[in-house]
Amino acid sequence: MSKYFRELYKNYSPYETADAVYDIYLYANENPINLFITLTDDEKDELMFVNYNRYPDADCKELKAAYADYIGVLPENITVGNGSDELIRVIGDVFLEEGEYIVSHEPTFSMYARSAEVARGKYFGVAPDPVSLCADVDGLIAKANELKAKIIYICNPNNPTGQPWEESDIRKVIESTDCIVVLDEAYGEFAGINNCDLALEYDRVIVLRTMSKAFALAGMRVGFAISNKEITGVLNSAVDTYNVNTFSQQAALLMLQRKDKMRIIAKDLVAETQRLSAELDKYDEITVYPTVTNFLLIKTEKSKEIYDALREKGILIRGYSKGMLSEYLRISAGTRGENDAFLAVVAEVLG
């Protein structure tokens, strides 16, 4: 059968996800608080008495209007995706010709590279500063121009480092290259970051947002691309028909009504992340990287021992078995009790 497969997929590994059931997930940068428990009986009824026997609103009109009001753009500037992952794939499909490059800063979200491969393009990751892991802005610009890249991805704040980009550096990348520049702001709510105005100011900028993180809808898969009307029109034509199901649209509308509650929880999660950072920084064996998000990255020669000990106690964090992050661990902030359980295991390992 293998002769029928595209060469790419013959040895293709799926995106890494949690492989078992754990008591505590500090793995995927999710919001540990289920905002659905705050729904009123009337709101639950809204979800129950929707015509799920009919196809969804393909244009997500009501959701676009609500999100446009929240984020500060017009509905005509929004494409809704089945999570921002779908939008990353669609951007590759829309802009990449075979052999053309996507360029980004490393380490960063692996879906950028995957989207290039799936679209029959190529990917190049620019190495960071070896000590701080901060993006090499000038190196990114130089490599994009050298490769005549079609797309640049800027993850802001960056996953997995948690580091933000300065707006001046983002503008420098936009103005020094001839690329589509995609600003992935999946964690924007945690950091108070919103660069959607750049998508309207510049013709070549797309901003990605999601409801999977701070809005606690990871299981619903709702993401957004903000761009000028021309790009939005093409992206809207390229996403799958009925790509966002009715239940997800309704859930997203309800969560947008809880934006004030979301902001309080996001602020608390950032505070918990900073508490974790301070506690881990007490160990000589651990290097803790600054973060403005709900997760943090650490480096330690005992990464495997810590990771394995946590798994034995039913706690899952993000480990990296190979590559430049082989001695690194990423920890998502959970509830106070979950974070304390994590810290207790670290203390057992490191003494």
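Reply: The charged end of R330 sits over the ring of F295, 5.9 Å from its centre; a charge counts as over a ring if NZ of Lys or CZ of Arg is within 6 Å of the ring centre and within 35 degrees of the ring normal. K143 likewise lies over the face of F124, at 4.6 Å from the ring centre. This is a predicted model, in which local features need pLDDT of at least 70 and side-chain atom pairs count only at pLDDT 80 or more, while totals for chains, interfaces and linings use all residues. Residues are numbered from 1 along each chain as its sequence is written, and side-chain values use heavy atoms, with hydrogens and water left out.

The protein comprises 14 helices and 12 strands, which are DSSP runs numbered from the N terminus (helices H or I, at least four residues; strands E, at least two). Seven strands form an open sheet with mixed pairing, in the order β2-β8-β7-β6-β5-β3-β4; two strands pair if DSSP finds at least two bridges between them. β2 (78-81) and β4 (122-126) stand at the edges with a single partner strand each, so one side of each lacks a neighbour in the sheet. From one strand to the next the twist averages 20°, the axes being lines fitted to C-alpha atoms (for helices over the stretch in contact) and angles running from 0 to 180 degrees between N-to-C directions.

Within this sheet, β6 (residues 180-184) is mostly covered, five of its five residues being buried; buried means under 20% relative accessible area, exposed over 50%, and partly exposed in between, with a 1.4 Å probe and protein chains only. In a regular strand the side chains alternate between the two faces of the sheet. In β6, I180, V182 and D184 point one way, and V181 and L183 the other. On one pairing, β5 (residues 151-155) runs parallel to β6 and is joined to it by five bridges, with C155 partnering D184. β5, helix α7 (residues 167-176) and β6 make a right-handed β-α-β unit: with the strands pointing away from the viewer, the path from the first strand over the helix to the second runs clockwise. β6 also pairs in the parallel sense with β7 (residues 205-210), over four bridges, and L183 stands opposite V207 there.

The whole structure holds 10 aromatic pairs; rings of Phe, Tyr and Trp (its six-membered ring) pair if their centres lie within 6.5 Å, and planes under 30 degrees apart count as stacked, over 60 as edge-to-face and the rest as tilted. Y55 and Y242 are stacked, at 4.6 Å centre to centre with 15° between the planes. Y55 lies in the loop between α2 (41-48) and α3 (61-71) and Y242 in the loop between α10 (229-238) and α11 (246-256), so this pair ties together parts 187 residues apart in sequence. Y55 is exposed, at 66% relative accessible area, whereas Y242 is partly exposed, at 37%. Y112 and Y153 are also stacked, at 4.2 Å and 10°.
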